[in-house]
Amino acid sequence: MSGAGVILAINLSVAGFLAAAFAGIAIYDRVRVSARWFAVGYALGMANFALEFAISLSGHAGLLSVAAYAAFLAALVAFNAGLARLYDVPIPWRTMGALAAAALLVRLGIDGMDRHSVARMMLYQAPYAVMQMLGAWIVWRARVRRYLEVILLTELVLVGLHYLSKPFIALAAGGMGSGPEAYLDTAYAMYSQALGSVLAVAIALLLLVILVHDILN
């Protein structure tokens, strides 16, 4: 297994642990509806990682690649729903639905483009960035503005920007591979998975702190 594959396996396991942690909070305190959404979000993140493995092992991308993309989009939608519930902000279902539908259409439309084209890579990553920035906007609208929310808002913006930096990281690392099935064999995959893991865990731990703080107070 490649280095990126090892990190992907770790990410899959960590996503599972985090989904279980949020589910535990949701069961312990049923009022915390946001925890249910976060649990769903990280469970969908697990599905994304599992599909990435399936693509690599099967040697054929096809619908698996689109399914992996859709799973991660769905994870971000669930995550934003959790943020909205956490901060008592209306869930922007229409905005997220329209964004997700447009993103999937773009994803299907870019298959014919050069895989190493900056334009293609940016079109691939931009919906993730916008969805994450939407989460930052939800936190910005929160009535509560403690230092924890300021940190969370900053982290969400950084994650959104990190998606937009990925095309340039890919070029600097030597590319994304000849196809989705070769992704895990690239240096870019290792950097991307490692950076994504650090950011995702940082946000999850902060959300756990916020939820526990709210329960105790």
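Helix H3 passes helix H6 in a left-handed crossing. The model is predicted. H3 covers residues 62–86 and H6 covers residues 147–172; the two pack at an angle of about 165°, with their axes 14 Å apart. That angle is over 145°, the cut-off for roughly antiparallel, and therefore H3 counts as roughly antiparallel to H6.

Which residues of H3 meet H6? On the H3 side they are Phe 72, Leu 76, Phe 79 and Leu 83, and on the H6 side Leu 152, Leu 156 and Tyr 163. The contact of H3 with H6 is made up of 7 nonpolar residues, with no polar and no charged ones. An α-helix has 3.6 residues a turn, so residues three or four places apart point the same way.

H3 also packs against helix H7, which covers residues 187–216. The crossing of H3 and H7 is left-handed.

| Pair | Angle | Axes apart |
|---|---|---|
| H3 and H6 | about 165° | 14 Å |
| H3 and H7 | about 25° | 13 Å |

The angle between H3 and H7 makes H3 roughly parallel to H7. Here Phe 79, Leu 83 and Leu 86 in H3 meet Ile 203, Leu 207, Ile 210, Leu 211 and Asp 214 in H7. This contact of H3 with H7 has 7 nonpolar residues, no polar ones and 1 charged.

How many residues of H3 are buried? H3 is mostly covered, with 18 of its 25 residues buried. From its first C-alpha to its last, H3 reaches 37 Å, close to the 36 Å expected at 1.5 Å a residue. Just after H3, Asp 88 takes a positive phi of about 55°.

Terms used
Residues are numbered from 1 along each chain as its sequence is written. This is a predicted model: local features need pLDDT of at least 70, side-chain atom pairs count only at pLDDT 80 or more; totals for chains, interfaces and linings use all residues. Side-chain values use heavy atoms; hydrogens and water are left out. Axes are lines fitted to C-alpha atoms, for helices over the stretch in contact, and angles run from 0 to 180 degrees between N-to-C directions. Helices (H or I, at least four residues) and strands (E, at least two) are DSSP runs, numbered from the N terminus. Angles under 35 degrees count as roughly parallel, over 145 as roughly antiparallel, 65 to 115 as roughly perpendicular and the rest as oblique. A crossing is left-handed if the near helix is turned anticlockwise from the far one by less than a right angle, and right-handed if clockwise. Contact means heavy atoms within 4.5 Å. Ala, Val, Leu, Ile, Met, Phe, Trp, Tyr, Cys and Pro count as nonpolar, Asp, Glu, Lys and Arg as charged, and the others, Gly among them, as polar. The expected span of a helix is 1.5 Å times one less than its number of residues. Buried means under 20% relative accessible area, exposed over 50%, partly exposed in between (1.4 Å probe, protein chains only).
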